[in-house]
Amino acid sequence: SFWDAIKNSSDPEDFRAYLDKYPNGTFADLARRRAAPRGKSLPGHNPAGNAPTGNAPTGNAPTGDVSSRTPNSGRTRATEGGRLRGVRDYFYTLPERYLDIPMESRAALLQKGDAVVDIQNGYISLRHGASGQYVLTVFRRTADSYLIALSNTRPASSAARAASRLFFLRYELEKWSDVTDEVLPVAFDPTLNYELPRVGTTIAVTNRAGVKVYDLVWAKGRFSVNR
(Lines give C-alpha, C1' and ligand atoms only; values in the text may rest on other atoms or scores of the structure.)
Protein backbone atom coordinates (compact mmCIF):
# COMPACT_ATOMS: atom_id res chain seq x y z
CA SER A 1 0.00 0.00 0.00
CA PHE A 2 2.84 2.39 0.84
CA TRP A 3 4.50 1.69 -2.53
CA ASP A 4 1.25 2.14 -4.45
CA ALA A 5 0.82 5.54 -2.82
CA ILE A 6 4.26 6.85 -3.87
CA LYS A 7 5.23 4.89 -7.00
CA ASN A 8 4.31 7.75 -9.35
CA SER A 9 5.86 10.46 -7.17
CA SER A 10 8.62 12.70 -8.51
CA ASP A 11 9.87 13.53 -5.01
CA PRO A 12 12.95 11.50 -3.90
CA GLU A 13 11.99 12.04 -0.24
CA ASP A 14 8.97 9.75 -0.69
CA PHE A 15 11.22 6.90 -1.81
CA ARG A 16 13.66 7.55 1.03
CA ALA A 17 10.72 7.29 3.43
CA TYR A 18 9.82 3.93 1.84
CA LEU A 19 13.41 2.73 2.41
CA ASP A 20 13.31 3.88 6.03
CA LYS A 21 10.23 1.79 6.62
CA TYR A 22 11.02 -1.16 4.31
CA PRO A 23 14.81 -1.29 3.74
CA ASN A 24 14.50 -4.85 2.41
CA GLY A 25 11.10 -4.42 0.78
CA THR A 26 10.06 -5.82 -2.56
CA PHE A 27 10.62 -2.45 -4.24
CA ALA A 28 13.73 -1.42 -2.28
CA ASP A 29 16.11 -1.53 -5.26
CA LEU A 30 13.79 0.59 -7.37
CA ALA A 31 13.23 2.97 -4.47
CA ARG A 32 17.00 3.44 -4.10
CA ARG A 33 17.31 4.39 -7.75
CA ARG A 34 14.48 6.90 -7.50
CA ALA A 35 15.76 8.28 -4.20
CA ALA A 36 19.26 8.92 -5.52
CA PRO A 37 20.28 12.26 -7.02
CA ARG A 38 20.31 12.24 -10.82
CA GLY A 39 23.47 10.66 -12.16
CA LYS A 40 24.34 8.94 -8.88
CA SER A 41 23.52 5.55 -7.44
CA LEU A 42 22.45 4.78 -3.92
CA PRO A 43 23.97 1.37 -3.09
CA GLY A 44 22.96 1.52 0.55
CA HIS A 45 20.46 3.69 2.39
CA ASN A 46 22.05 5.93 5.02
CA PRO A 47 19.36 8.16 6.50
CA ALA A 48 21.68 9.39 9.25
CA GLY A 49 23.91 11.12 6.71
CA ASN A 50 21.25 12.95 4.69
CA ALA A 51 19.76 16.14 6.12
CA PRO A 52 16.83 17.86 4.40
CA THR A 53 17.88 20.34 1.74
CA GLY A 54 14.80 22.54 1.71
CA ASN A 55 13.32 20.90 -1.38
CA ALA A 56 9.74 21.95 -0.72
CA PRO A 57 7.39 20.80 -3.50
CA THR A 58 6.64 23.30 -6.25
CA GLY A 59 4.06 25.79 -5.03
CA ASN A 60 4.88 25.21 -1.37
CA ALA A 61 8.13 27.10 -1.11
CA PRO A 62 8.92 28.83 2.21
CA THR A 63 7.40 32.26 2.58
CA GLY A 64 9.92 33.55 5.11
CA ASP A 65 13.54 34.59 4.72
CA VAL A 66 15.09 31.19 5.31
CA SER A 67 18.62 32.48 4.73
CA SER A 68 18.36 34.62 7.85
CA ARG A 69 17.35 31.74 10.13
CA THR A 70 20.19 30.99 12.55
CA PRO A 71 20.50 27.90 14.80
CA ASN A 72 19.32 30.06 17.71
CA SER A 73 16.07 31.06 15.97
CA GLY A 74 14.28 28.06 17.49
CA ARG A 75 12.81 26.78 14.19
CA THR A 76 14.91 24.85 11.72
CA ARG A 77 14.94 21.82 9.48
CA ALA A 78 15.21 18.77 11.73
CA THR A 79 17.58 15.83 11.79
CA GLU A 80 17.62 13.54 14.79
CA GLY A 81 17.54 9.98 15.98
CA GLY A 82 19.69 8.76 13.10
CA ARG A 83 16.60 7.88 11.05
CA LEU A 84 14.05 10.70 10.97
CA ARG A 85 15.47 13.57 8.91
CA GLY A 86 12.71 16.16 8.79
CA VAL A 87 9.06 17.07 9.13
CA ARG A 88 7.94 14.65 6.42
CA ASP A 89 9.56 11.70 8.20
CA TYR A 90 7.87 12.74 11.44
CA PHE A 91 4.54 12.88 9.64
CA TYR A 92 5.01 9.39 8.16
CA THR A 93 5.88 7.76 11.49
CA LEU A 94 3.67 9.49 14.08
CA PRO A 95 1.62 6.87 15.97
CA GLU A 96 -2.04 6.79 14.98
CA ARG A 97 -3.11 7.61 18.54
CA TYR A 98 -1.94 11.16 17.75
CA LEU A 99 -2.41 11.35 13.98
CA ASP A 100 -5.42 9.17 13.19
CA ILE A 101 -4.54 8.72 9.53
CA PRO A 102 -3.35 5.23 8.50
CA MET A 103 0.40 5.28 7.85
CA GLU A 104 -0.01 3.71 4.42
CA SER A 105 -2.27 6.63 3.37
CA ARG A 106 -0.06 9.51 4.46
CA ALA A 107 2.29 9.74 1.48
CA ALA A 108 -0.67 10.05 -0.90
CA LEU A 109 -2.22 12.81 1.21
CA LEU A 110 0.91 14.93 0.86
CA GLN A 111 0.51 14.79 -2.92
CA LYS A 112 -2.91 16.49 -2.80
CA GLY A 113 -3.19 20.05 -4.00
CA ASP A 114 -4.44 21.48 -0.70
CA ALA A 115 -1.53 20.04 1.35
CA VAL A 116 1.26 22.41 2.36
CA VAL A 117 4.64 20.70 2.78
CA ASP A 118 7.40 23.13 3.77
CA ILE A 119 10.54 21.09 4.41
CA GLN A 120 12.81 24.08 5.00
CA ASN A 121 10.63 25.50 7.77
CA GLY A 122 9.57 22.14 9.24
CA TYR A 123 5.83 22.54 8.56
CA ILE A 124 3.00 20.43 7.15
CA SER A 125 -0.69 21.37 6.90
CA LEU A 126 -3.51 19.30 5.41
CA ARG A 127 -7.16 18.36 5.71
CA HIS A 128 -8.38 14.81 6.14
CA GLY A 129 -12.13 14.33 5.81
CA ALA A 130 -14.08 14.27 9.04
CA SER A 131 -10.84 14.43 11.05
CA GLY A 132 -10.47 18.08 10.06
CA GLN A 133 -7.29 20.13 9.80
CA TYR A 134 -3.89 18.81 10.86
CA VAL A 135 -0.78 20.96 11.28
CA LEU A 136 2.66 19.60 12.15
CA THR A 137 5.49 21.93 13.12
CA VAL A 138 9.06 21.23 14.28
CA PHE A 139 10.76 23.35 16.96
CA ARG A 140 14.45 23.16 17.79
CA ARG A 141 15.20 22.32 21.43
CA THR A 142 18.99 21.99 21.31
CA ALA A 143 21.56 21.65 18.54
CA ASP A 144 20.40 18.11 17.76
CA SER A 145 17.09 17.73 19.57
CA TYR A 146 13.62 18.72 18.42
CA LEU A 147 10.07 19.18 19.68
CA ILE A 148 7.27 18.12 17.34
CA ALA A 149 4.00 20.02 17.69
CA LEU A 150 0.77 18.57 16.25
CA SER A 151 -2.57 20.36 16.21
CA ASN A 152 -5.90 19.00 15.01
CA THR A 153 -9.03 21.09 14.60
CA ARG A 154 -12.11 18.98 14.08
CA PRO A 155 -15.04 20.57 12.24
CA ALA A 156 -18.26 21.37 14.04
CA SER A 157 -21.24 19.11 13.49
CA SER A 158 -24.91 19.16 14.39
CA ALA A 159 -24.09 17.11 17.47
CA ALA A 160 -20.98 18.90 18.71
CA ARG A 161 -19.04 22.13 18.45
CA ALA A 162 -15.63 22.29 16.82
CA ALA A 163 -12.91 20.95 19.10
CA SER A 164 -9.14 21.22 19.11
CA ARG A 165 -6.42 18.75 19.99
CA LEU A 166 -2.79 19.66 20.62
CA PHE A 167 0.21 17.42 21.26
CA PHE A 168 3.86 18.12 21.89
CA LEU A 169 5.97 15.07 21.16
CA ARG A 170 9.59 13.95 21.20
CA TYR A 171 11.24 11.28 19.12
CA GLU A 172 14.25 9.80 20.88
CA LEU A 173 15.88 6.37 20.65
CA GLU A 174 13.32 5.46 17.96
CA LYS A 175 10.43 6.00 20.37
CA TRP A 176 7.73 8.65 20.63
CA SER A 177 6.80 10.27 23.93
CA ASP A 178 4.04 12.77 24.76
CA VAL A 179 5.47 15.77 26.64
CA THR A 180 2.47 18.09 26.29
CA ASP A 181 1.94 18.59 30.03
CA GLU A 182 5.65 19.12 30.53
CA VAL A 183 5.97 21.72 27.77
CA LEU A 184 2.81 23.83 28.07
CA PRO A 185 3.04 26.66 30.65
CA VAL A 186 -0.79 26.82 30.82
CA ALA A 187 -3.29 23.99 30.59
CA PHE A 188 -4.56 23.03 27.14
CA ASP A 189 -8.12 24.20 26.41
CA PRO A 190 -9.96 22.24 23.66
CA THR A 191 -12.33 25.18 23.08
CA LEU A 192 -9.47 27.41 21.87
CA ASN A 193 -7.65 27.45 18.53
CA TYR A 194 -3.88 26.87 18.53
CA GLU A 195 -2.31 28.19 15.31
CA LEU A 196 1.06 26.51 14.82
CA PRO A 197 3.45 28.76 12.88
CA ARG A 198 4.81 28.02 9.43
CA VAL A 199 7.42 30.74 9.93
CA GLY A 200 8.60 31.98 13.31
CA THR A 201 8.28 30.46 16.77
CA THR A 202 5.03 31.85 18.20
CA ILE A 203 1.80 29.86 18.58
CA ALA A 204 -1.21 32.19 18.42
CA VAL A 205 -4.03 31.08 20.73
CA THR A 206 -7.47 32.49 19.91
CA ASN A 207 -11.07 31.86 20.91
CA ARG A 208 -13.73 30.62 18.45
CA ALA A 209 -14.48 34.21 17.44
CA GLY A 210 -10.86 34.66 16.36
CA VAL A 211 -9.99 36.98 19.23
CA LYS A 212 -6.48 36.56 20.63
CA VAL A 213 -6.33 35.06 24.11
CA TYR A 214 -2.54 34.83 24.39
CA ASP A 215 0.59 33.79 22.50
CA LEU A 216 2.87 30.89 23.31
CA VAL A 217 6.39 32.11 22.56
CA TRP A 218 9.15 29.54 22.01
CA ALA A 219 12.63 30.68 23.06
CA LYS A 220 15.67 28.94 24.53
CA GLY A 221 13.97 25.56 24.48
CA ARG A 222 10.78 26.50 26.33
CA PHE A 223 7.38 28.19 25.88
CA SER A 224 6.33 31.32 27.74
CA VAL A 225 2.94 33.10 27.77
CA ASN A 226 2.57 36.53 26.24
CA ARG A 227 -0.86 38.05 26.89
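Predicted model: local features only at pLDDT ≥ 70, side-chain atom pairs only at ≥ 80, totals over all residues.

Me: What makes Phe 188 partly exposed?
Reply: Its relative accessible area is 28%. Buried would need a value under 20% and exposed one over 50%, so Phe 188 is in between and is called partly exposed.

Me: Why is the aromatic pair of Phe 188 and Tyr 194 called tilted?
Reply: The ring centres of Phe 188 and Tyr 194 are 5.1 Å apart, with 35° between the planes. Centres within 6.5 Å make a pair; under 30 degrees would be stacked and over 60 edge-to-face, so the rest are tilted. An angle of 35° therefore gives a tilted pair.

Me: Which residues does Leu 166 contact, leaving aside its neighbours within four places in sequence?
Reply: Phe 188 and Tyr 194 are among them, along with Leu 150, Ser 151, Thr 180, Leu 184 and Leu 196. Leu 166 itself is found in strand β5, residues 163–172.

Me: How do you know that Leu 166 is buried?
Reply: Its relative accessibility is 4%; the cut-off is under 20%, so Leu 166 counts as buried.

Me: How many aromatic pairs does the count come to?
Reply: It comes to 16. One of the ring pairs is Tyr 90 with Trp 176, with centres 5.9 Å apart and planes at 70°.

Me: What makes the pair of Tyr 90 and Trp 176 edge-to-face?
Reply: The centres, at 5.9 Å, meet the limit of 6.5 Å, and planes at 70° are over 60 degrees, so the pair is edge-to-face.

Me: Why does that pair tie together parts that are 86 residues apart in sequence?
Reply: Because Tyr 90 lies in helix α4 (residues 87–93), while Trp 176 lies in strand β6 (residues 175–178).

Me: Are Tyr 90 and Trp 176 buried or exposed?
Reply: Tyr 90 is at 0% relative accessibility and Trp 176 at 14%. Buried means under 20%, so both are buried.

Me: And which residues do ring pairs link into a cluster?
Reply: Ring pairs link Phe 2, Trp 3, Phe 15, Tyr 18, Tyr 22, Phe 27, Phe 91 and Tyr 92.

Me: Last one: what share of the chain is made up of buried residues?
Reply: Buried residues make up 44% of the 227 residues, in a chain with six helices and ten strands.

Note on methods:
Residues numbered from 1 in each chain as written. Heavy atoms only, no water. Helix = DSSP H or I, 4+ residues; strand = E, 2+ residues; numbered from the N terminus. Buried < 20%, exposed > 50% of the residue type's maximum accessible area, 1.4 Å probe, protein only. Contact = heavy atoms within 4.5 Å. Phe/Tyr/Trp six-rings, centres within 6.5 Å; stacked < 30°, edge-to-face > 60°.
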